Amino acid sequence: MKPHFRALAGLGSVVAGIALAQQPGAPAPAFAPSHLTGNGPRAMAMTCAPCHGTNGTTAPGAPFRPLAGRSQGETIEILGQFKAGTRPATVMHQIAKGFTDDEIAAIAAYFEAQR
């Protein structure tokens, strides 16, 4: 192939690459059902189990407050403070930032029901 044809062929590849890069991407796949229904809140609440105990009931003498039976409003407020970084914590800032406000409300409702 002559040099000018190779250059044109290379230019064609670049143009095609740019055109493909400008195409809208496929929508993100929905791999899992909403965390806000069914067993979703319970599954999300399991994130809390290592420190706050299974179903939010801490072991006697544990240094963490139990979550079971705490009002939904109080839990939402506290997790919101952790998420905003306005309440002192070690790891709760990062954990709270991993949930949306709707997910926090669902987790809080789950723990309120664990009386």
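**Figure 1. Accessible surface and overall make-up of the predicted model.** In this predicted model, the accessible surface of the protein comes to about 7,900 Å², and 63% of that surface belongs to carbon and sulfur atoms. Of the 115 residues in the protein, 23% are buried. The protein has six helices and zero strands, so that, by the DSSP assignment used for helices and strands, the elements run α-α-α-α-α-α from the N terminus on. Among the contacts with a separation of 6 or more, 51% are accounted for by residues 24 or more positions apart.

**Figure 2. Close-up of helix α6 and the helices it packs against.** Helix α6 covers residues 101–113, and its end C-alpha atoms are 19 Å apart, which agrees with the 18 Å that 13 residues should span at 1.5 Å a residue. Within α6, the residues Glu 103, Ile 104, Ala 106, Ile 107, Ala 108, Tyr 110 and Phe 111 are buried. The buried residues of this helix pack against α2 (40–45), α4 (72–84) and α5 (92–97).

**Figure 3. Close-up of the largest nonpolar core.** The largest nonpolar core has 15 residues, and those with the most contacts inside it are Met 44, Ala 45, Leu 79, Phe 82, Phe 99, Ile 107 and Phe 111. Two or more residues are given to this core by each of α2, α4, α5 and α6, with α6 giving the most, five residues. In soluble globular proteins, nonpolar side chains tend to be buried together. Ala 45, leaving aside its neighbours within four places in sequence, is in contact with Ile 107, Tyr 110 and Phe 111.

Figure 4. Thr 58 is found in the loop between α3 (49–52) and α4. Because buried means under 20% relative accessible area, Thr 58 is buried with its value of 17%. Leaving aside its neighbours within four places in sequence, Thr 58 is in contact with Cys 51, His 52 and Gly 53, as well as with Phe 64, Arg 65 and Pro 66.

Note on methods
Residues numbered from 1 in each chain as written. Predicted model: local features only at pLDDT ≥ 70, side-chain atom pairs only at ≥ 80, totals over all residues. Heavy atoms only, no water. Helix = DSSP H or I, 4+ residues; strand = E, 2+ residues; numbered from the N terminus. Expected span 1.5 Å × (residues − 1). Buried < 20%, exposed > 50% of the residue type's maximum accessible area, 1.4 Å probe, protein only. Contact = heavy atoms within 4.5 Å. Core = buried A, V, L, I, M, F, W, Y, C linked by side-chain atoms within 4.5 Å. Areas by Shrake-Rupley, 256 points an atom, 1.4 Å probe, with all protein chains shown as cover.
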